Amino acid sequence: METRTRRILLMRPLLQAAVVGVLVLALSGCQALRWPWLGRDRQSVEPLETEEQAEQAELDELDRPPPRVIDPQVERRKIKVPKIDDENFELGVTYGFLSIEDFTTNAIYGITGSYHVTEDFFLRADVGRSNAGRTSFETLGGNVQLLTESERQFTTYSLSVGYNFLPGEVFVGRNVAMNSSFYVLGGIGWTKFAGDDRLTYNFGAGFKVLPSDWLALHIGVQDRVFDSDLLGRTKVTNNIEMVLGATVFF
Amino acid sequence: MERSITTIRFRLRKTSLALLLACIALSSVLAPHARAADQDNDRKRDKYLQLFVVQPYLELRTGAGRGYPVTQVVARDESVDVIKRKTDWYKVRTEHGIEGWASAKDMAKLQLADGAFFKVDFGDLEGFARHHYELGILAGDYGGATLIGGHFSYSLNPSLKIDLAASKFLGNATNGEKYEIGLNHVFLPNRRWSPFFELGTGIVHIEPRVTLVTPIDRTDQTGYVGAGMRFYIARRFFLRGEYRWNTVFTSRDDNEDIKEWKLGLAAFF
């Protein structure tokens with residue numbers, strides 16, 4: 001009796017060809033599938049571009065403008081930054097009285113200018129002019145004249161550094177509040193008095209009130225110290241002034 | 001008399017025409033004013049820089065200083081108009097017309113309409129290198145006399161400055177004053193310590209003190225070369241120290257050489 005295998009082998013060649021054809025087709029189908037043991041090989045074969053190329057491609061992708069969903073028809077506004085007004089300089093006038101050592105107390109008037117570097121510090125230049133009266137010695141001595149009229153003119157110049165402290169508000173009545181601040185200052189300068197220029201140190205303090213942003217009212221006290229040899233012996237003289245002032249910021 | 005519809009229509013047309021003409025006439029009279037007013041408003045609006053609050057809020061004080069009380073805040077997304085600046089404080093006006101002072105530090109967090117941050121010149125080391133003007137006071141010695149003076153500089157570029165100075169000197173024998181103009185070359189302008197070299201000319205007026213019988217008053221031309229150092233302290237302040245060799249071109253046979261040194265405090269802006 002013929003076995004089943006033998007029967008297949010004994011099949012007609014046409015049938016054999018058909019069976020082989022089906023087998024080949026099935027195998028080629030397997031080739032198209034991804035088999036894990038084939039994957040590695042395929043990857044090593046497949047890379048079409050190097051890593052650098054990939055990076056380049058990625059960068060190109062980034063450079064490319066994003067796809068436009070809406071095309072905005074709005075022109076970007078061009079901002080012109082206008083110059084902002086600075087108000088760091090302060091200029092004004094002062095008027096008060098000055099007590100000149102050994103002489104009388106007289107009116108002093110002056111000009112003051114400041115540059116505010118920060119909210120705390122400022123540089124200040126002052127010029128003040130006064131007239132010295134008669135000394136007690138001259139008054140008692142009758143005809144004695146220590147100085148001529150032009151020599152009695154007292155002009156003082158000073159360059160100072162100031163510091164604002166205790167800023168706050170002052171209240172006038174119920175409805176008005178004004179900004180205010182104390183300040184101290186010290187500096188160096190010279191004084192033209194009794195026909196000579198004298199190196200002068202000045203120091204003092206003041207209080208200012210600002211009724212508006214650009215206006216300040218001051219009250220200040222300063223001591224102007226210089227050496228004087230007017231009465232024979234050189235001595236340090238203290239000349240104290242107390243002034244009221246009005247300044248504007250610009 | 002019976003009125004036809006057409007006549008009425010015609011009358012209506014006539015009235016509307018008249019109205020139209022009146023309107024045109026009126027608009028031609030009023031329009032320029034309206035346009036002018038618009039332009040005026042635009043100009044006013046353009047005059048001030050508009051900034052937008054992007055931080056949670058912006059504090060406004062009553063005055064230009066940290067000691068003054070905060071009375072208002074501006075909320076996020078609202079805008080302010082910048083009116084003016086005083087030291088490191090800006091006066092601003094809100095959309096509601098409220099005015100107050102905001103600190104420069106807070107202002108630097110505001111944005112312009114194009115989204116860029118507002119640039120504030122704080123006066124830092126970079127400002128020390130690049131600025132337009134300098135103002136300072138100094139004291140020192142001028143040939144044995146005490147010297148007091150002030151100077152103002154204009155920067156042509158970070159390294160080169162035009163220096164204007166006025167000084168007074170008080171000595172035992174003579175007093176006087178001098179006015180000078182010069183060129184100042186700063187090396188390493190963006191360093192905290194920056195040396196400089198200077199060259200200039202001026203006028204010196206020397207007068208003898210009354211107590212001594214010495215030559216008469218005289219005014220001479222003077223020239224100088226000098227070298228010095230600038231040291232940035234903080235904010236807008238720096239120290240300036242220098243040594244100068246002065247030559248006074250006298251009317252006598254010999255020129256006079258005067259050595260001078262001085263130290264001062266200056267600010268840039």
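Predicted model: local features only at pLDDT ≥ 70, side-chain atom pairs only at ≥ 80, totals over all residues.
Reader: To begin, how many helices and strands does chain A have?

Author: Chain A has 5 helices and 9 strands. Along the sequence they follow the pattern α-α-α-α-β-β-β-β-α-β-β-β-β-β.

Reader: What percentage of the residues of chain A count as buried?

Author: Of its 250 residues, 33% count as buried.

Reader: Which residue forms a salt bridge with D197(A)?

Author: K192(A) does, with the closest N and O atoms 3.6 Å apart. D197(A) is buried, with a relative accessible area of 4%, whereas K192(A) is partly exposed at 37%.

Reader: And in chain B, which side chain meets D220(B) in a salt bridge?

Author: The side chain of R218(B) does, at 2.9 Å from N to O. D220(B) counts as buried at 8% relative accessibility, while R218(B) counts as partly exposed at 22%. Elsewhere, salt bridges that share partners join D163(B), K178(B), E180(B), E198(B), R240(B), E242(B), R244(B), E260(B) and K262(B) into one network.

Reader: What joins the side chains of D213(A) and K91(B)?

Author: A polar contact of 2.2 Å joins them. D213(A) is found in the loop between strand 7 (196-210) and strand 8 (215-228) of chain A. This residue counts as buried because its relative accessibility is 17%.

Reader: Moving to the surface, which residues gather in a patch of negative charge?

Author: E51(A), E52(A), E55(A) and E58(A) gather there. E58(A) is in helix 4 of chain A, which covers residues 51-63. With 56% relative accessibility, E58(A) counts as exposed.

Reader: Which residues make the nonpolar surface patch?

Author: L91(A), V93(A), I111(A), V127(A), W214(A), V248(A) and F250(A) make a patch of about 650 Å². V93(A) lies in strand 2 of chain A, residues 89-99.

Reader: Why does V93(A) count as exposed?

Author: Its relative accessibility is 51%, and exposed means over 50%.

Reader: Now backbone geometry. What is phi of A194(A)?

Author: Phi of A194(A) is near 55 degrees, a positive value in a residue other than glycine. A194(A) is in the loop between strand 6 (176-193) and strand 7 of chain A, and it is buried, with a relative accessible area of 8%. In chain B, L188(B) also has a positive phi, near 50 degrees, and is not a glycine.

Reader: Where is L188(B) placed?

Author: L188(B) is in the loop between strand 10 (174-186) and strand 11 (193-208) of chain B. At 44% relative accessibility, L188(B) counts as partly exposed.

Reader: One last point: how many residues apart in sequence are I137(B) and A267(B)?

Author: They are 130 residues apart in sequence, and 9.3 Å apart in space from C-alpha to C-alpha. I137(B) is in strand 7 of chain B, residues 133-142, and counts as buried at 16% relative accessibility.

Terms used
Residues numbered from 1 in each chain as written. Chains lettered and ligands numbered in written order. Heavy atoms only, no water. Patch = residues over 30% accessible without salt bridge, like charges linked within 9 Å, V, L, I, M, F, W, Y side chains within 5 Å. Areas by Shrake-Rupley, 256 points an atom, 1.4 Å probe, with all protein chains shown as cover. Salt bridge = Lys/Arg side-chain N within 4 Å of Asp/Glu carboxyl O. Lys, Arg positive; Asp, Glu negative; His and termini not counted. Charge placed at Lys NZ, Arg CZ, Asp CG, Glu CD. Helix = DSSP H or I, 4+ residues; strand = E, 2+ residues; numbered from the N terminus. Buried < 20%, exposed > 50% of the residue type's maximum accessible area, 1.4 Å probe, protein only. Polar contact = N/O pair within 3.5 Å; in protein donor to acceptor, adjacent residues only side chain to side chain.
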